[in-house]
Structure formats: structure tokens, C-alpha cells
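This report describes a single protein model for a reader with a computational background. Please consult the sequence and the coordinates shown here alongside the text.

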Amino acid sequence: MKSNDWLHGFRHSSPYINAHRGRTVVLTLGGEALAHENLINIIHDITLLSSLGVKLVVTFGARPQIQQRFDQAGLDSRFHDGLRVTPEDQLPLVMEAVGALRAHLESRLSMGLINSPMHGARIRVSSGNLITARPVGVLNGVDFGYTGRVRRVDVEGIETLLRLGHIVLLPPLGYSPTGDIFNLSYEDVASQVASALKAEKLIIFTGEDGVLDESGQLIRELTVRQARERLADGDLEGHAADLLRAACEACVRGVRRSQIISYTRDGAVLQELFTRDGSGTLVSDDNYEQIRSARVEDIGGILELIQPLEEQGILVRRSRELLETEVDRYTVVERDGTIVGCAALYEYPAEKSGELSCFAVDPSYRRAGRGDDILVVVERNARSRGLERLFVLTTQTEHWFRERGFEPTSVQSLPGPKLASYNTQRNSKVFVKRL
């Protein structure tokens, strides 16, 4: 590692630090995460996030710890549809396990030894009767007893504590107006709280790096639609499916992004929040990355994107002044404030033709279908303007266009104005697609 690598990383994290200051982030840790040796590093990262001005709500689960209490008491625990059935006589054991974990987390967040990363942090942790619950009741003939679901989140109470700079700690317990206590799914608590608070992010810790595909490779991004398709297809089962379902529900209800990351990897939450591509799986409701018409403030990003391609001779050089006059012709892909793709549409109304030009995608994102997404938008715009064909001039991407329905044609078939300006030295090939 070079001596100045930390400086480079720190400088590049500054936009993300500014973006998250004052924003609400909900973190959720299962009981497995709380028992893992990396918990201390997660605690240090939580402290760092709080010191950077991030408003934090931490929800936690206790399933293995509850099971351990049952085993010690010689009791069996019954599950149905992924939920633990909680008879009245077993509720005290649930409360004991959850209460012990809550005290454990509070003690960890209270550390402040002079030789620790938390020295001088003075973290205040608050909890309370902030979740109103209702019983699950009887489902398919099974009485779930004191297992419940979130009924209401005390948004005002939580936001008051966050404004005071407190970390809000929420156990998997809820309370009813009748004074009953209910055992809750921590995934349900996390999703409901994040959506009620309209949190910027819901971050879910899991034992894997994130959501994995059939070959065990990390899936970096999923839209809610894609995630639900995976769930419907049965690609995920059990707890992994529950976590992904919670991430989807939060996004649908107003959370901008949900992220599923590993509790075993040191620094995963910092990498997720303070780097462009994060460390786990991003789930979004299509708002994280958007394809839109270009604006004047995008010109710098477009120039940065196309400059390497111009130097390679793939694209014709364009000046900033030219882009400023033609910016309304451009469509861009914006990812987290960065332009990662662009294309321009030049119209030739007399020939009912349009030219697809200055088509570029950042190399890091070329295998994720963004070029196809841009092409769909440009074609739609061309059709809406009454154009009947779209042509492109290319020197090195012939096969990409042919695979998408473009057919070779002669230079002489170009619209008159374009034919007159055709650069014979570049000797670009011409392809056309009927719209």
C-alpha cells in the first residue's frame, strides 16, 4: 500500500461525507452479527458515522441467542412460515435474551478507552417504547401467541432523539396499548422504521458479501423489480430471502436505497457509504441511477467521460463550447451524481432520420446493460419526434450495433447535410435501424 493511498481515498470520500451528514441511516444487525468477532469493528464504524453527523438508528435481532436460552431451559421452539411461535410461557426467555443483547450493545457503544477508536466519542444511546406492535394472530390454524408485527413507529419520538445526536437502538420487541409485549422479526422492524422515517438508507448486515447469484458471485445491484423476480423464482430461500424482501419493502415505501452487506468484512459499512460502488448489493427503486436529458451542469462530466475515447480515436473530438450549444441533444446516465453514460441525437427532419452520436459508457459499467438502456431512450425520443430511422457512424463498435438491429448501409445513404460533412479520413462505417 502506497503511503499516500489513504490521502487519495480520504479526498475522494469527501463528497459522500457531505452527502450523508444530517441524513438518517437505519442499520440492522442480526443475532449472528452480534456474536461475530467483527462486531467490535462495526461498533467503531457506527461511532465514526455518528461523529460525521449521520443520524443513526440501529435495529437488532436475537434469534440465536433466544434459541440458546430455550436450549438451556430444555424447551423446544416452533417455527411456522419463517416466524417463531412465542407461547406466553416462553416470552420471558425472549425478553431475557433481547434484554441481555441490548445491554451488551449499549456497553460496547459506551467504550472510550484512550487507546481505542472510540476515545472521546461520548456516544449517547437511547431506546424505549418506540414501536407499537400487534399480534400476528392465527395463520393457517397456527396460533403465534406473542409473536407480533409492527403496527406503528413513533416517528416523532425517534426524530427527537436523532436531533439530540443520540443513536436510537431498537430491539426486536414491540408494545401494545394493552400493555403486552410482542416478539418481532427484526427485519420487519428495520424495514418499517426506515420507511416511516423516510430514511436515506437501510443497511442490512448478513453473513455473505451481499446477494449472491447461482454461481456464488456477488450481485452488485438490483432494482426492486429484479429482486422480486429472484424471490418469486425461488433463487433465494430462508433468511436471505427475508432480508432481500425487507430491503424491497423499504424502497417501495420511500427509502431511497437499501444495501445488503457483510458483517464479517471489516469496514464494509464505510465502504458502502463512502465509495461509489460500495461493498455489497444495492437495492433501489430505480432512483439511485437515472437516465435523463442532459443539463448544462453535466458538461464537465460528459467531457470527462468522452475524453479517453477521443484520445483513442473512437469518438470525434468535441469542445466544451460545442457541447454547451448542443447539450439539449444529449441523454445521460447519472449514477450517484456522476455521469457514467451519454449519447446525442441529431435530427434530420427532411429525411425523417436521426443520428446516434457521441455514444459512450464508462468502462466500469459497460457489462451492466447501460448502453442498451441509453439506446432504448434515444430510440423512444426519435420515434416521438416522427423519425423513422436511426443511423450511427462507427469505427470500432460494429458488432455491438449489429447485435441490436442495426444493418450496414452505404455512406451515400446518409442525409445530405451529414454526407457533406462525412470525414473520409476516419472512414467510419454506417449502420441504420428502422424505428
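## Aromatic cluster

One aromatic cluster is formed by F359, W400, F401 and F406. The model is a predicted one, in which local features need pLDDT of at least 70 and side-chain atom pairs count only at pLDDT 80 or more, while totals for chains, interfaces and linings use all residues. Residues are numbered from 1 along each chain as its sequence is written, and side-chain values use heavy atoms, with hydrogens and water left out.

The structure holds six aromatic pairs; rings of Phe, Tyr and Trp (its six-membered ring) pair if their centres lie within 6.5 Å, and planes under 30 degrees apart count as stacked, over 60 as edge-to-face and the rest as tilted. The pair of F359 and F401 is tilted, because the ring centres are 6.0 Å apart and the planes stand at 55°. Since F359 belongs to strand β20 (residues 353-361) and F401 to helix α14 (residues 398-402), this pair ties together parts that are 42 residues apart in sequence. Helices (H or I, at least four residues) and strands (E, at least two) are DSSP runs, numbered from the N terminus.

F401 is buried, with a relative accessible area of 3%. W400 and F401 make an edge-to-face pair, with ring centres 5.1 Å apart and planes at 85°. F359 is also buried, at 17%, whereas W400 is partly exposed at 26% relative accessibility. Buried means under 20% relative accessible area, exposed over 50%, and partly exposed in between (1.4 Å probe, protein chains only).

## Cysteines

How many disulfides does the rule give? The count comes to zero, where a disulfide is a pair of cysteine sulfur atoms within 2.5 Å. C342 is in no disulfide, and its nearest cysteine sulfur, that of C358, is 4.4 Å away. For C251, the closest cysteine sulfur is in C248, and the separation of 6.9 Å is too far for a bond.

C251 is buried, with a relative accessible area of 3%, and C342 is buried at 0%. C358 is likewise buried, at 3%, and is found in strand β20.

## Backbone and loop positions

C358 has a positive phi, near 50°, although the residue is not glycine. N140, another residue that is not a glycine, has a positive phi of about 50°. N140 is found in the loop between β7 (138-139) and β8 (142-143) and is exposed, at 69% relative accessibility.

S428 lies in the loop between α15 (416-420) and β23 (429-434). Is S428 buried or exposed? S428 is buried, with a relative accessible area of 8%. Apart from neighbours within four places in sequence, S428 is in contact (heavy atoms within 4.5 Å) with L393, T394, T395 and Y422.

## Overall features

The protein has 15 helices and 23 strands. Its C-alpha atoms fill a box of roughly 85 × 55 × 40 Å along the principal axes. Of the 435 residues, 48% are buried. Among contacts between residues at least 6 apart in sequence, 71% join residues at least 24 apart.

The protein exposes about 21400 Å², of which carbon and sulfur atoms supply 46%; accessible areas come from the Shrake-Rupley method with a 1.4 Å probe, and for residues only the protein chains shown count as cover. There are 52 positive and 58 negative side chains, and the centres of the two sets lie 5 Å apart. Lys and Arg count as positive and Asp and Glu as negative, with His and the chain ends not counted; the place of a charge is taken as NZ of Lys, CZ of Arg, CG of Asp or CD of Glu.
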